[in-house]
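Please look at the structure below with an eye to its surface and its aromatic rings. The report that follows takes these topics in turn.

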Amino acid sequence: MSEFKALAEKAEKDFDLGEFARTVRACRSYRRFDEGDSVPEALLIELVDLARVVASGANRMPLRYRIVSSAGEREAVFSQLKWAGALPEWDGPETGERPTGYIVVCDAGHGATTPVDEGIAAQTILLAATQAGYGGCMLHAFNKAGVSGALGLEDASVSPLMVIALGRPAEEVRLEPLDASPNGSTNYWRDEASVHHVPKRSLADVLV
């Protein structure tokens, strides 16, 4: 264990960060879900309420949110998504593994800080979902016109920026040291047991 890692682990205990640290480490990108366990609409609303109060550049608050919980709208959104660019042989979650709720993050066009706000809000949503026992995946690879049309976003004068897919995770995701990557890249991979592996740089590597 590096000196930096030992100091970090000590601080986690000294400052009572254990529960938060566990939530952060459990907050992964999940792409397969238990489709029989729908995300409650009330939870989707609460996730948006939490995102609503986070920091916003110059407090412009350019983001709007569209909750998707009905089966028909979920199917319409799913058909517009592209999954896991690093796994080109995988076509996305099969029936029974698909998300059971979505939050579409939209831009109301109020400022240049929108990309920063989008990241802050999306991570807050996923951390809160993880704390509630759910999980999700931020998706930028989707047909924006298709999602906008399916959900009537043009009528609300907003444009979709990101789709956050949510559900009860039905896959195992493991963090790995970067040197464990089969080809030495930062790409995630799946093994023969369909366990999803995500390489991460060490603490010593990211401190400058």
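Phe 4, Leu 7, Leu 203, Val 206 and Leu 207 make a nonpolar surface patch of about 430 Å². Such a patch is made of residues with over 30% relative accessible area and no salt bridge, nonpolar side chains being joined within 5 Å; a salt bridge is a side-chain nitrogen of Lys or Arg within 4 Å of a carboxyl oxygen of Asp or Glu, and areas come from the Shrake-Rupley method with a 1.4 Å probe. Two or more residues of the patch are given by each of helix 1 (3-14) and helix 7 (203-206), where helices are DSSP runs (H or I) of at least four residues.

This is a predicted model, in which local features need pLDDT of at least 70 and side-chain atom pairs count only at pLDDT 80 or more, while totals for chains, interfaces and linings use all residues. Residues are numbered from 1 along each chain, and side-chain values use heavy atoms, without hydrogens and water.

A search of the whole structure finds 1 aromatic pair.

Two arginines lie over ring faces, which requires CZ of Arg within 6 Å of the ring centre and within 35 degrees of the ring normal.

| Arginine | Ring | Distance from ring centre |
|---|---|---|
| Arg 168 | Tyr 134 | 4.0 Å |
| Arg 190 | Trp 90 | 4.2 Å |

Technical notes. Phe/Tyr/Trp six-rings, centres within 6.5 Å; stacked < 30°, edge-to-face > 60°. Patch = residues over 30% accessible without salt bridge, like charges linked within 9 Å, V, L, I, M, F, W, Y side chains within 5 Å.
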